[in-house]
Amino acid sequence: MLPTTSSRTGSDSPDIYLDSNATTQVLELALLAAQQAMQANFGNPSSTHSTGLRARALLDSAHKVAQQVLGAGQGRVMFTSGATEAIQTAILSALSSAVDATTPDSASTAGKFLLYGATEHKAVPEALKHWNKVLGLQCEIHAIPVDQHGMHDLAFLASHAANTLLVCTMAVNNETGVISDLAGIRAAIAGSGALWLVDSVQALGKRPLDLATSGIDYAPFSGHKLYAPKGIGMLYVRQGAPFTPLLVGGGQETGQRGGTENLPGIAALGAVLTALHQQDPVFQSHAVQAAMRQRLAESLQQAFPGVVFNAAFDNAVATTLNFSVPGLSSKEMLDLFDASGIRVSSGSACNSNKVVRSFVLDAMGLENWRVTSAIRMSFGPATRPDEIEQACERILRAGSALRNACLLFGGDSARHEAQTPAKGLIRLMHETACSWIYCDQKEQVCVIIDPLPELMERIARWVACRDLQVVAIIATDAHHVACRHALQEKLRERMACQQTDNLGWPNQDVSVLQLQDGTPVAALALGASYLMKLPLPDASEAFYLLGHSDGQRCLAADVRFAFIGDTLPEQHSHLARWLSPHTLLLSAHDQWQQFASTIERESQLAAPVVPGNDDLNLPCSQLQAFLQAHPKATLIDVREGYEHGMGLAGLDLGHEVRAFNAPLSRLPEFIADWLQNPEQELLFVCRSGARSGLAASCLRRLGHQQAWHLVGGLALQ
């Protein structure tokens, strides 16, 4: 176990926000405009008295500047609650016109196409499906393919245009920043009669707009993507394009959208648009934005050797970088950046409740590793160069942390030596599958159990970086044999023995120990520990026990770990005579993130999963009271070591607290100790509360009732 230390936690470092494609901070000028509209100019624009007339003047002023910024000409511009409402209104308008044109004597709309870009925001295809069903059109909905650069297949579009009612594309992609070929799209659908919707949310403030001459029929916008509050947006409708109100009522917005206008939101957005129209210095020039992107790119290349950018800079807005780092998942990178005080995302903010693979990069046909490793870093036109410089410093520090943990591949990192020691049991995961490494720090030896193809490069790098000798690479069943062979070949110079059985167990340098009942077993020495093989009736499977010898060639009673592969619980019972109550059963798969089990727990599967589970969740508001009531509690940071090394940013306990790092990748190592000390009070923390919740639940499930976790994690402090 790591030593317990006393540390005062907390950080004065401000966040560096680089997720502007998700949302932006409200500019002060927008805040003041909204405040003025709420306090002094609070009238209803539909009222005819003086207070109402002043409110109407504010609304008209905002309309005027919106028309100017969008280059709307004689087209309609209406304020909405946001881009989603604008998209719904546009699609309803386009499809309602098709319903109106369909009569018993005319051709049915069945078989007609509704087309959308394969990299389109999900709001668009979902709205197409909804209104197609509600209006009973029976149209065929198809995605327009894109190439590896994110550009639409214009040949596909041209071949389908004649039979298409509505085409939906983006001006700028929200994940990659790719700029669509709007001129090419316009040419592809010219003369077809198809209406055209262009999601212009990410173009506002970043691309020149002249909608009146663009041929675009509908263009939605969102205020909170450009420094206005959430809950305000716009819809442009070309003069002469079909229009059907989504909301009807009191005739507001000249009958285009019912409901009293959101005057504070409109005032705020109007103030932002005015600043944009007047080229207020709060907004950086395109040249400065490009320079800031280049500075970020250079720091990423220096920090993360092998980084790949998923969109070419010459065809993307300067404010968006989408990149992937070899060997690291999106979640690992998100956690690292968050620990560094840099806020980024892995894709659309609509998926931020969990890290999912990017459908945008999938549609572009990029390699699987790039899709599952992708990070989006985005800033806004009002971001300052000094903020970017601070971000670059933190990016370099983050890269250094990964090199120290032997988690970078290629470049100078290939020659880097680990600053974090190899010690005890480590679990690596790919999806729900587990690979295990046990290291003896003193002897500099390790054994690898059930290696996975997806983790092979990481394991090889991890071993080489720490200059370890590999005693064995073994499998619990035949499913892991192929990768075992490949990894053994990759680590050939570090292998202690080349001759093995079918599961990788060495044919030499093997001791024979006796279990407590006298059963002889083959054993490998790993410093002070021994790994023992328990053959099963099926020769293609085996269990492995890890424990200590009593010095008399017998296994001591405290077997710490049993590696059981994919065996079913009922097959574990015959192990009971050789295991202690606290021996952890470690599986090759962990679908529910339970980390480990015990024979006792397996025998109680009919019992409630977590007795007394309701009280393990500690709200942040109760933290101080908890620490006063539990002065001996130990704070456990379950983030990985490279995250913990960045500090417990945001957690200000206000006094000295015992704290140490027990990463989830090493959690079973600590569980084995905690189960033997059931009175030890443990408070788990992490970035969001997700990982700490898993750790606390695991302890409770295994019978350690003095475990809690901080709900919401460091993010809510």
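The lining of the second largest cavity divides into five nonpolar residues, six polar residues and no charged ones; here Ala, Val, Leu, Ile, Met, Phe, Trp, Tyr, Cys and Pro count as nonpolar, Asp, Glu, Lys and Arg as charged, and the others, Gly among them, as polar. Its members are Thr119, Gly150, His152, Met170, Val172, Asn173, Thr176, Val178, Ser180, Val360 and Met364. A cavity is a set of points, on a 1 Å grid over the protein atoms alone, where a 1.4 Å probe fits but cannot get out, and lining residues have an atom within 4 Å of a point. The volume of this cavity is about 60 Å³, volume being the space filled by probe spheres set on the points, with grid points joined across faces, edges and corners. The structure holds two cavities of 30 Å³ or more.

The model is predicted, so local features need pLDDT of at least 70 and side-chain atom pairs count only at pLDDT 80 or more, whereas totals for chains, interfaces and linings use all residues. Residues are numbered from 1 along each chain as its sequence is written, and side-chain values use heavy atoms, with hydrogens and water left out.

The protein chain contains 19 helices and 28 strands, taken as DSSP runs (H or I of at least four residues for helices, E of at least two for strands) and numbered from the N terminus. Of its 717 residues, 55% count as buried, that is, under 20% relative accessible area, with exposed meaning over 50% and partly exposed in between (1.4 Å probe, protein chains only). Among contacts (heavy atoms within 4.5 Å) between residues at least 6 apart in sequence, 67% join residues at least 24 apart.

The interior can be followed through its cores. A nonpolar core is a set of buried Ala, Val, Leu, Ile, Met, Phe, Trp, Tyr and Cys residues joined through side-chain atoms within 4.5 Å. In the largest one, of 57 residues, Leu70, Phe79, Leu204, Phe221 and Met234 touch the most other members. Helix 7 (residues 263-277) supplies the largest share of this core, nine residues. A second, separate core has 47 residues, including Trp436, Val445, Tyr544 and Ala707. Beyond four places in sequence, leucine 70 touches Val77, Leu204, Leu209, Asp210, Leu211, Phe221, Met234 and Tyr236.

Helix 12 (residues 385-404) has 20 residues and spans 29 Å from its first C-alpha to its last, close to the expected 28 Å, which is 1.5 Å times one less than its number of residues. Its buried residues include Ile388, Ala391, Cys392, Ile395 and Ala398. The buried residues of the helix pack against elements among which are helix 8 (286-303), helix 9 (330-339) and strand 13 (374-378). Cysteine 406, with a positive phi near 60 degrees, follows helix 12.

Several loop residues also deserve attention. Glutamate 253, in the loop between strand 9 (233-237) and helix 7, has a positive phi of about 50 degrees although it is not a glycine. Glutamate 253 is buried, at a relative accessible area of 5%. Aspartate 450, likewise not a glycine, has a positive phi of about 55 degrees and lies in the loop between strand 16 (445-449) and helix 13 (456-465). Its relative accessible area is 2%, and aspartate 450 is thus buried. Asparagine 41, in the loop between helix 1 (28-39) and helix 2 (50-70), is buried at 13%. Leaving aside neighbours within four places in sequence, the contacts of asparagine 41 are Gln36, Thr51, Arg54, Ala55, Leu58 and Leu263.

Terms used. On a 1 Å grid over the protein atoms alone, a cavity is a set of points where a 1.4 Å probe fits but cannot get out, and a pocket is an open set with protein on both sides within 12 Å along at least five of seven lines; lining residues have an atom within 4 Å of a point.
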